[in-house]
Amino acid sequence: MFWEALGSVLLGLALAWAALHRLADRLPPRRTVLVTGVLGALFGALVTHAALGPGFVLGTLLGAVAISAVLLSLLIRPAAHRLRRSAAA
């Protein structure tokens with residue numbers, strides 16, 4: 001379980017780093033994104049490991065990445081350059 005947890009933390013960190021570089025203008029501060037990615041992956045690994053049991057390392061890591069990606073997607077704000085229409089239009 002230790003290696004699954006370590007692997008999931010590293011995958012969550014990599015996913016958060018990639019999100020920061022790709023969507024930096026639409027995400028909250030860097031620290032928040034990195035912590036959310038890591039903790040989301042760790043929680044995802046815990047839940048997936050509990051559901052699948054021992055011996056499914058790849059499944060556990062995929063579950064960790066999925067949960068981390070979902071939590072990171074919740075942090076994304078709308079783009080600031082969208083057109084806004086007035087109430088009269």
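In which handedness of crossing does α1 pass α2? The legends below start with that pair of helices, as seen in a predicted model.

**View 1. How α1 and α2 cross.** α1 passes α2 in a right-handed crossing. The two axes come within 8 Å, and they cross at roughly 145°. On the α1 side, the residues that meet α2 are E4, A5, S8, V9, G12, L13, A16, W17 and L20. Their partners in α2 are R30, V33, L34, G37, V38, A41, L42, A45 and H49.

View 2. S8 sits in helix α1, which covers residues 2-22. Is this serine, S8, buried or exposed? S8 is buried because its relative accessible area is 0%, under the 20% cut-off for that label. Leaving aside neighbours within four places in sequence, S8 is in contact with A41, L42, A45, L61 and A64.

**View 3. Helix α2 and what covers it.** Helix α2 takes in residues 30-52. With its 23 residues, α2 reaches 33 Å from its first C-alpha to its last, close to the 33 Å expected at 1.5 Å a residue. The buried residues of α2 are V33, T36, G37, V38, G40, A41, G44, A45, T48 and H49. The cover over these buried residues includes α1 and α3. Follow the chain just past α2 and you will find G53, which takes a positive phi of about 90°.

**View 4. The largest nonpolar core.** Which residues make up the largest nonpolar core? There are 6 of them: A16, A19, L20, L27, V33 and L72. α1 gives the most to this core, with 3 residues. For a closer look at one member, turn to A16: not counting residues up to four places away in sequence, A16 touches V33, L34, G37 and L72.

View 5. A69 is found in helix α3, made of residues 57-73. How far apart are the C-alpha atoms of A69 and A19? They are separated by 9.2 Å, although the two residues lie 50 residues apart along the chain. A69 counts as partly exposed because its relative accessible area is 33%, in between the cut-offs of 20% for buried and 50% for exposed.

Definitions and conventions
Residues are numbered from 1 along each chain as its sequence is written. This is a predicted model: local features need pLDDT of at least 70, side-chain atom pairs count only at pLDDT 80 or more; totals for chains, interfaces and linings use all residues. Side-chain values use heavy atoms; hydrogens and water are left out. Helices (H or I, at least four residues) and strands (E, at least two) are DSSP runs, numbered from the N terminus. Buried means under 20% relative accessible area, exposed over 50%, partly exposed in between (1.4 Å probe, protein chains only). Contact means heavy atoms within 4.5 Å. Axes are lines fitted to C-alpha atoms, for helices over the stretch in contact, and angles run from 0 to 180 degrees between N-to-C directions. A crossing is left-handed if the near helix is turned anticlockwise from the far one by less than a right angle, and right-handed if clockwise. The expected span of a helix is 1.5 Å times one less than its number of residues. A nonpolar core is a set of buried Ala, Val, Leu, Ile, Met, Phe, Trp, Tyr and Cys residues joined through side-chain atoms within 4.5 Å.
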